[in-house]
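Subject: Structure handover

Hello,

Here is the structure I promised to pass on. Please open it first, then read my notes below.

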Amino acid sequence: METTGSRVLIGGIVRNRRWLTLGSAMYGAHQICEAMVPVVIGVIIDRAVATGDVAALVLWIAVLAVLFVVLSLMWRFGARLLTYAEAGEGCTLRVEVAGKILQPRGIRIDLRSGELLTISSSDADNASYLLDYIPRIVASLTATTVCAVALLMINVPLGLGVVLGTPLVLLFLHFSAPLITRRIQHQQETAGRAASVATDLVSGLRPLRGIGAEAAATQRYRDVSRRSLRATLRAARTQRGFEGASATISNLLAAGIAIAAGWLALDGAISVGQFVTVIGLAQFLIEPLAQLTVVPSWIAEARASANRVAMVLSAPPLAPEGQRTLDAPPHGLDIVDLHHGSIDGLDLSVRPGELVGVVAPQAADAEALVTVLSGQLAPEDYRGTIAVGGTDLASVEHREARAALLVEPHNTDIFTGTVGSNILVNDPPADAAFLDGVLRASAADDVVDTHSGGLDTAVSERGASLSGGQRQRVALARALFAQPPVLVLHDPTTAVDSVTEHAIARGLAALRHGPEHTFTTVLVTCSPILLATADRVVVVDDGRVRATGTHDELVERDGEYRKAVLR
C-alpha cells in the first residue's frame, strides 16, 4: 500500500491514541476550568459582593481556588503526556525514514543525501507536531463551546454570536490552507537542497582547496541559499499574513461580544456580575479563537512535512527481493554482455581464487563497472548479467548477494566512532591473529600504531581526523576483515606512498590468495605496483575488453597499456 502524507499523520495518531486521548481530555478540562473562572467571578459579584453575604463569598472563593488548582494540574500532566507522545512519534518517524534510506536493497528516489537528512530530522519532527496541534484544537473547541453555552444562559443573542460567528470565521480562513501548504512545502524542498549542497561542499572541502575551486563552490552555495531564503520569506509572509488576519477577526468577534454586553448592561438586561462574566469570557475567547483560526497553518506545515516523509517511505527498492541462494564458496565472478554508461557489451570471467587486475584508461569505464557491481543500480538500469558462483545476482536475496560480492569504492565512507569500529563494524574478531593479519595487509597497522589510542582512537565525522591515506587504509582493512568470497577494490591506494603501496600489494596477495585461501579479488586500478601482483590483467577500453595478459606481458607488447599505467 502506497504511503501518503495523510497516512503518515493518521499512523501517528493511531500509534499514540492513548496518550493523545488522555492529553486532549486534560487540555479540555483545563480550558473548561479557565472558562468557568469569569463565570464564578460574576457569581461572586452578584451573590456575595452585591448582597454582602460573607458565607457565600467564602464558598465561591473556595470554588475559584479549586478551579485554579484543577486547571493547573490538568495543564501540567496533559502537557507531560503529549510531550511524551510527540517526542516518541518524532523518534519513530526518524527511525522509519532512516531505516528506509539505509535498507540493503536501496531506494529509488531523486534526492541527495542532504535532502534526505533534512527529511529524516526536521520533517519527521514537524509531522510529529500534529500530536501537539490536535489537543490544542480540542481544547480551543471545548473552550469556545463552554463560552457559547455560558453566554446563551446569560443572553441568547450573545451566545448565538459565538455559536454562529466562530464556524463562519473558520470556514472563511480554511480556504487559505492549500496556498499555505504549497508554499511551506516549496520552502522545505529548497531548504533541503541547500542543506544537500552544504553537506557536499563540507565533505569535499579539501579537494576543492586543492584545485582552487573555493570561489565557484561558494557561489554555488550562495545561489541555492538565496533561493532557499526567498522561499522561506515567501512562506513566512503567507503564514504571518494569515495569522495577522485570523487574530484580527477573532479579536473583532470578541470585541463585538463585549460591546454588545455593555449595551445590555446599560439597558438593565443583564446584571453587573453577568456583565463582568461576559467581559471575562470575551477576553478569554481571544486565545482559543486565535488558535482555531491558525489551524489551517498548523495542519499545512505538518502535512507538507508528512508528504516529504511519505515520499521517502513509499520509494520503491532499487534491487529486487531475490529468492535464490548461492552455493558454498569459492565463487568466481562472471560478467556477460554488460551495458551501462560507457560500458558497451563487456564480457569478463574471473575464476574462483583468481586475483585479476582491470585497467580502464578511460575513468568512465571503471566508474560504470564498479557502479554496477556495487549494487547501486536496479536491474532495469543496466543490461547484462552479473553472476557470482554461476548464479545471477539479480535473483539472489540481497543481503546474501552483497555478502558474496563486496565492492569497496574509491570514494569510501568513514564513520564517526573509532578506528576499530570502522574496521570491525562493532563485530569483535574471534581470531586476534586474523585481525593483525588484516591490519598488516592493509598497512592500517601504521594508523593504529601512530595513535596512542590504537584501535580505540577516535574518528571524527566522515573521517576528517584522518589523512586521505589513513582513510583508504582503514577502509581497505574493513573490506578485508569482512572476508567476502569476491572482493572488488577500486583504486584502493591512490593516497598512499609507493613504499606503503608495495606493502599493501604483498599483504593483499598473501591474505586472500595464499596457499590456504581461495578468495577471488578484482583490482580496478592503474597502479603498476598492484597490477604486478595480479594473476591476470584485463584492459577495458571503449566499454569492452581490448587485451588480456600478465602485467609484464602487457607492458612489453601494449603501448596504450604502458601509457595508462607507467605515468
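Leaving aside residues up to four places away in sequence, E89 touches G12, R15, N16, S128 and L131. Keep in mind that this is a predicted model. E89 sits in helix 3, which covers residues 54–102. Is E89 buried or exposed? Its relative accessibility is 3%, so E89 counts as buried. E89 also belongs to a network of salt bridges, together with R15 and E96.

Next, the salt bridges. The count comes to 13. Three of the pairs are described here.

- R94 and D125: their side chains meet at 2.4 Å, N to O. R94 lies in helix 3 and D125 in helix 4 (residues 113–128), so this pair ties together parts that are 31 residues apart in sequence. R94 is partly exposed at 30% relative accessibility. D125 is partly exposed too, at 25%.
- R108 and E380: these side chains meet at 3.0 Å, N to O. R108 is in the loop between helix 3 and helix 4, while E380 is in the loop between helix 12 and strand 4, so the pair ties together parts that are 272 residues apart in sequence. R108 is partly exposed, with a relative accessible area of 34%. E380 is exposed, at 61%.
- D541 and R546: the closest N and O atoms are 3.6 Å apart. R546 is partly exposed, with a relative accessible area of 38%.

In what order do its four strands stand? The order is 2-1-4-5, the sheet is open, and the pairing is antiparallel. Strand 2 (343–350) and strand 5 (391–392) are at the edges with a single partner strand each, so one side of each has no neighbour in the sheet. Strand 1 (residues 333–340) and strand 4 (residues 383–388) are joined by five bridges. H339 stands opposite R383 in strand 4. Helix 12 (residues 363–373) lies across strand 1, strand 2 and strand 4. Helix 12 runs at about 115 degrees to strand 1.

Last, the surface. V49, L57 and I61 make a nonpolar patch of about 250 Å². V49 is in helix 2, residues 17–49. V49 is exposed, with a relative accessible area of 57%.

Best wishes

Technical notes: Residues are numbered from 1 along each chain as its sequence is written. This is a predicted model: local features need pLDDT of at least 70, side-chain atom pairs count only at pLDDT 80 or more; totals for chains, interfaces and linings use all residues. Side-chain values use heavy atoms; hydrogens and water are left out. Two strands pair if DSSP finds at least two bridges between them. Helices (H or I, at least four residues) and strands (E, at least two) are DSSP runs, numbered from the N terminus. Contact means heavy atoms within 4.5 Å. Axes are lines fitted to C-alpha atoms, for helices over the stretch in contact, and angles run from 0 to 180 degrees between N-to-C directions. Buried means under 20% relative accessible area, exposed over 50%, partly exposed in between (1.4 Å probe, protein chains only). Patches are made of residues with over 30% relative accessible area and no salt bridge: like charges are joined within 9 Å, nonpolar side chains (Val, Leu, Ile, Met, Phe, Trp, Tyr) within 5 Å. Accessible areas come from the Shrake-Rupley method with a 1.4 Å probe; for residues, only the protein chains shown count as cover. A salt bridge is a side-chain nitrogen of Lys or Arg within 4 Å of a carboxyl oxygen of Asp or Glu.
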